[in-house]
Amino acid sequence: MPPSVWSRIPGCDWPAIPSDVGAQSLALLYQFQHSERLSSEALEVAQLLQLQRLFTDVMTGMPFWKERLEMAGYQAGMPVDAAGLRQLPLLTRAAVQQLGPQLFNQRIGNRHGGIHQGQTSGSTGMPVKYLQTDLTMLFWRVLTLREHLWQGRDFTGKLAAIRSNVERGQSPNWGAATDQVFQTGPAVSLNIREDIAAQLDWLVAEAPQYLLTHPSNLRSLLRLAAANGVVLPGLKQVRTFGEMLHAETVARCREVWGAGVADIYSSEEIGVIAFQCPEGRYHVQAENLLLEILDEADKPLPPGQIGRVVITTLHNLAMPLLRYELGDYAAFGAACPCGRSLPVLDRIVGR
């Protein structure tokens, strides 16, 4: 059965009439179903048209980017092409730290809704302050929803999350990505700082169908579960994020719990970057960002060769990140047999 859409109209459950927020999410999902099958040429054209809109805006409201774009030969209103984009110098994490508010768009107003400030965890020793808008957060939510749908998850199940920035608790639904769009089962959360034995006991008691956690935490849970013969018979899949996922962890999860693993490649300041389709291949979420893989001379690399990940955001007018060197390494891969034409990352080797 397809997932049940929340209806804002009492007594009209089918076909459902979604809320305004739900309608926006469903409208984006509808467009994504088309754009994920575009040819690579058509996808690049769409990305560059959106990038032109962003360039026009920052040229009028952000002195740092105006100067940098002009030095790269760009003038307001000019079309953007891939070769022209590569004339723009890379923006490093260290530069983002040093520039601080110079990268904040003071003239955006409320065009993209509210503005929200955050800071990366600094797990690499380089925390970065960043801004998001209601629009960029909408993209994050809908891309998360897309990942749920690609994986064919049963929305009526229970979702458990063991991560930082949460406390032990429960919710009637899976959270912002599904809220006001699809009806879901409950969600429960636990802070990752709790002892690993307490985490495993909690999972047994909660008996979720889906688990979200970091790969390293999953490895620790699997090690303890295997040593003590602890099984989770209702678990259908584990979702991992935030770290490199190793093939051994995926195999061990299948062996110990009989569940598969789906990984998400993301960054706090960027949002969702890539996630896996049912074939296990990572697809770049190209509707929201443009991703390059470069060698040490800043030249683009062909598929199969590992290089530096460089990202240009397409919708964050509050803090545009143009040719931002994330600090990760990856390689493009060949086309995926799933039929989706979004760019494929063959390997993500982390920092």
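Leaving aside neighbours within four places in sequence, which residues is leucine 91 in contact with? The legends below start there. The model is predicted.

**View 1. Leucine 91 and its contacts.**

**View 2. The largest nonpolar core.**
This core has 72 residues. Leu91, Trp257, Leu291 and Leu345 have the most contacts inside it. Helix α2, residues 40-61, gives the most to this core, with 6 residues. There is also a second, separate core, made of 30 residues. Leu28, Leu38, Phe275 and Val344 are included in that second core.

**View 3. Leucine 294 in strand β12.**
Leucine 294 has a relative accessible area of 0%, so it counts as buried. Which residues does leucine 294 contact, leaving aside its neighbours within four places in sequence? They are Leu90, Lys299, Pro300, Leu301, Gly307, Arg308, Val310 and Arg323. Now look at alanine 330. Along the chain, leucine 294 and alanine 330 are 36 residues apart. Their C-alpha atoms are separated by 9.4 Å.

**View 4. A salt bridge between glutamate 292 and arginine 323.**
The side chains of this pair meet at 2.9 Å, N to O. Glutamate 292 lies in strand β12 (residues 289-294), and arginine 323 lies in the loop between β13 (307-313) and β14 (324-332), so the pair ties together parts that are 31 residues apart in sequence. Are these two residues buried or exposed? Both glutamate 292 and arginine 323 are buried.

**View 5. A salt bridge between lysine 236 and aspartate 154.**
The structure holds 18 salt bridges. In the one shown here, the N to O distance is 3.5 Å. Lysine 236 sits in the loop between α8 (215-228) and β8, and aspartate 154 in the loop between α6 (134-150) and β4 (159-163), so the bridge ties together parts 82 residues apart in sequence. Lysine 236 has 44% relative accessibility, so it counts as partly exposed. Aspartate 154 counts as partly exposed too, at 30%.

**View 6. A salt bridge between lysine 158 and glutamate 206.**
The closest N and O atoms of this pair are 2.9 Å apart. Lysine 158 is in the loop between α6 and β4, while glutamate 206 is in helix α7 (residues 196-206). The pair links distant parts of the chain, 48 residues apart. At 21% relative accessibility, glutamate 206 counts as partly exposed.

**View 7. A network of salt bridges.**
Four residues are linked here: Glu36, Arg146, Glu287 and Arg340.

**View 8. The two sides of helix α7.**
Which residues of α7 are buried? They are Gln199, Leu200, Trp202 and Leu203. Seen down the helix axis, the buried residues of α7 fall within an arc of 160 degrees, so they line one face of the helix. Asp201 and Ala205 are exposed on the other side. The buried residues of α7 pack against β4, β6 (187-191), β7 (210-213), α8 and α9.

**View 9. A nonpolar surface patch.**
Met244, Ile306, Tyr329 and Val349 make this patch of about 280 Å². Methionine 244 is in the loop between β8 (237-241) and α9 (247-257). Its relative accessibility is 31%, so methionine 244 counts as partly exposed.

Technical notes
Residues numbered from 1 in each chain as written. Predicted model: local features only at pLDDT ≥ 70, side-chain atom pairs only at ≥ 80, totals over all residues. Heavy atoms only, no water. Core = buried A, V, L, I, M, F, W, Y, C linked by side-chain atoms within 4.5 Å. Buried < 20%, exposed > 50% of the residue type's maximum accessible area, 1.4 Å probe, protein only. Helix = DSSP H or I, 4+ residues; strand = E, 2+ residues; numbered from the N terminus. Contact = heavy atoms within 4.5 Å. Patch = residues over 30% accessible without salt bridge, like charges linked within 9 Å, V, L, I, M, F, W, Y side chains within 5 Å. Areas by Shrake-Rupley, 256 points an atom, 1.4 Å probe, with all protein chains shown as cover. Arc of directions from axis to C-beta.
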